[in-house]
Every structure is written in C-alpha cells, then in structure tokens.
Amino acid sequence: GNAMFERVFASVPRDGESTFSFSGGLEPLTNPGFGELVRSAKRYGVKVPLITNGFMLSPHYLARQEGLWDLDSLRVSLYGVDDATYYRVTKVKGAYQQVKQNLTEFLRLRNEKRPALRVGLNFIVLQECTDQVLRVLDLITEINVAVGNGRGVDFLTLREDFSVPESEGLSPEGSPAKLFLSII
C-alpha cells in the first residue's frame with residue numbers, strides 16, 4: 001500500500017503544484033502508516049490535503065502520526081451540529097462530541113506546531129439537516145473560542161449528500177432545499 005504510493009509520489013513532476021488528496025470511502029486515518037504516507041508525499045514536493053471524519057483525530061493518535069503536521073490542509077466532515085443528528089447518521093454514540101473535542105485539540109496543537117496548516121469543516125448537507133446550515137457558524141464560533149489564542153477554523157465548505165440518488169438530492173423544488181438555497 002504505502003510503498004506503492006511512494007513510487008507514485010516519486011513519479012510525479014516536482015513542480016510544487018502536484019496534489020494528492022486523501023479522503024474517505026474508508027476513513028484515511030485507519031491506515032496505521034498514514035503519517036508516514038504524508039511525509040513521503042512531502043519529500044517529493046507533493047501537496048497533501050486530507051478529508052477525514054475526525055473521529056480518530058485525538059491527541060493520542062497525533063502523537064503516533066507526527067507526519068500529519070506536514071499536511072497542507074485538513075478538512076473535517078460534519079454530519080450535523082448536535083448529538084442526535086450525528087447519532088442518526090453515524091450510529092455512534094458520542095461521535096459529535098468526540099469530533100468537536102478532537103478538532104478543538106487539533107487546532108490548539110496546530111497553533112503550537114505548524115500554524116501554516118489550514119483546517120476547515122466540510123458540512124454534509126443532508127436532506128434532514130438543511131435547517132442546520134447556519135448553526136455550523138455557531139459551532140465554528142464555539143470551537144474558535146475554546147481554542148483560545150491563535151487561529152481557529154480557517155474555512156467552511158458545504159457538500160450535498162452524494163449517497164442519495166440525484167432525483168432525491170437537494171433541488172430548488174424541495175422545500176428544505178428552497179430554504180437552503182435562499183440562505184446561500
């Protein structure tokens with residue numbers, strides 16, 4: 001796995017423009033050598049953004065995966081802005097609080113170790129969560145206050161839920177979608 005990626009990284013042009021983005025299907029942080037994978041890419045001048053669910057992003061995990069500090073950006077996917085919504089989507093009790101705590105601690109550590117690393121949230125706009133879009137801003141404020149001195153969340157992206165058929169996704173015709181589209 002990681003040896004194959006090393007060969008790929010070695011083969012790309014060293015122009016400072018090459019980027020390999022790691023994201024789910026399977027959570028990238030489940031790779032026990034992910035930190036070294038990031039370091040390998042950086043040795044070849046490859047930019048590395050990561051999209052993660054943030055559940056494993058604890059200080060304990062980070063201590064074992066120092067290469068994560070070499071990321072160019074980290075984006076944490078959010079499946080709601082409260083415990084009930086997160087549980088409904090992930091079926092993991094305490095997932096929302098764990099992700100929020102991990103993100104807050106990550107930002108504190110980022111400010112100590114590598115301030116240039118950009119960190120953001122990727123809110124997955126599920127049909128039943130369109131009313132939560134503005135509450136994401138409250139969550140960002142809460143996290144930034146908890147981080148204290150230094151930078152907090154750098155950016156926010158909104159993404160439609162791609163797991164539903166296109167005909168059932170967000171559209172201007174649906175009432176939740178109308179609300180969402182009128183907000184943006």
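Me: How are helices defined and axes fitted here?
Reply: Helices are DSSP runs of H or I with at least four residues, strands are runs of E with at least two, and both are numbered from the N terminus. Angles run from 0 to 180 degrees between N-to-C directions. Axes are lines fitted to C-alpha atoms, for helices over the stretch in contact. The model is predicted: local features need pLDDT of at least 70, side-chain atom pairs count only at pLDDT 80 or more, and totals for chains, interfaces and linings use all residues. Residues are numbered from 1 along each chain as its sequence is written, and side-chain values use heavy atoms, without hydrogens and water.

Me: At what angle do the axes of α4 and α5 cross?
Reply: Helix α4 spans residues 83-90 and helix α5 spans residues 95-113. Their axes come within 7 Å. The crossing is roughly 110°.

Me: Which residues of α5 meet α4?
Reply: Contact means heavy atoms within 4.5 Å. From α4 come D83, Y86 and T90. Their partners in α5 are A95, Y96, Q97 and V99.

Me: Which strands stand at the edges of the sheet?
Reply: The open sheet has four strands in the order β1-β2-β3-β4, with parallel pairing. Two strands pair if DSSP finds at least two bridges between them. Each edge strand has a single partner, so one side is left without a neighbour in the sheet. The edge strands are β1 (49-52) and β4 (155-160).

Me: What is the bridge partner of F123 in β4?
Reply: Strand β3 covers residues 118-125 and pairs with β4 over six bridges, in the parallel sense. The partner of F123 is L158.
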